[in-house]
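Hi,

Here is the structure I said I'd send over. Have a look at it first, and then read on for what turned up among the aromatic rings.

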Amino acid sequence: MTQNSLISATKANSLYWLGRYEERVYITLHLLRKCYDKMIDGELEDYSLLWTRLDVNGVYQSSEEFTFGMMYDEDNIASVMAAQVKAKDNAILLREDIMSETLSYLEMSVALMKECKERREMNVTALQPVIDWSLAFWGSAEQRLRNHKALYIMMIGRNVENLDMLLRFDYPYERVALAYDSLKRYLRQISTIVDDHIEGQLNSLIIEERFNLNDVEYKNKLLKFINQLVRV
């Protein structure tokens, strides 16, 4: 496959969501691991914040249920397991593009999580290999995806998810602005999938003098526009 090969709408959609789901796996595990340590130490305040923002449907009744569910509950799309399975399913459709070696990191992650679920493993550090394999996946994809356009679409999905999560968890302006700049670098490579009107809205909102995630209306606008920015 050459750099200028055309990509079907179906394949573009799979590439975009592969990027989003795999980034969701990485960030969710990072947040869970950080807050799990605080829960063990009896610092429940930060853990409760994570709980309310990830468990938006309120399906878990205790911190133990929440930890186990957010790691392994395939019925909850916000969980690590659900996102990893979705990433793998999209990657299978793209096997010829990303190569079997790249896909294998996602397959190993799903296999490990199923094994840990059967053991009812609650310690988030048991899933450290999933974090490592996620990073290895991105390195392998960058090396093996010969179609640059396909790689850019996947990286756009990754950066959209990163920005979405940063906003949901009230990261400071500097981190959000840096993430948005990273996203725009990839968007410039494939301008045909970008909604120019929405990009203009985001450009006017993600500026330091307007940035205020304590303003619910402002935050919801950002989240809405981020998730409508790419047309795939």
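One term before we start: a residue counts as buried when its relative accessible area is under 20%. Y21 has a relative accessible area of 12%, so Y21 is buried. Also keep in mind that this is a predicted model.

Now to the rings. A pair of aromatic rings is described by the distance of the centres and the angle of the planes. There are nine aromatic pairs in the structure. Take W17 and Y21: their ring centres are 5.5 Å apart and their planes meet at 40 degrees, so this pair is tilted. While Y21 is buried, W17 is partly exposed, with 26% relative accessibility.

F211 and Y218 make another aromatic pair, and this one is edge-to-face. Here the distance is 6.2 Å centre to centre, with 85 degrees between the planes. Both F211 and Y218 are buried.

Back to W17 and Y21 for a moment: ring pairs join them with Y16 into a cluster.

Finally, some charges over rings. Which ring does the charged end of R120 sit over? That would be the ring of F68, with the charged end 4.0 Å from the ring's centre.

How values were computed. Residues are numbered from 1 along each chain as its sequence is written. This is a predicted model: local features need pLDDT of at least 70, side-chain atom pairs count only at pLDDT 80 or more; totals for chains, interfaces and linings use all residues. Side-chain values use heavy atoms; hydrogens and water are left out. Rings of Phe, Tyr and Trp (its six-membered ring) pair if their centres lie within 6.5 Å; planes under 30 degrees apart count as stacked, over 60 as edge-to-face and the rest as tilted. Buried means under 20% relative accessible area, exposed over 50%, partly exposed in between (1.4 Å probe, protein chains only). A charge sits over a ring if NZ of Lys or CZ of Arg is within 6 Å of the ring centre and within 35 degrees of the ring normal.
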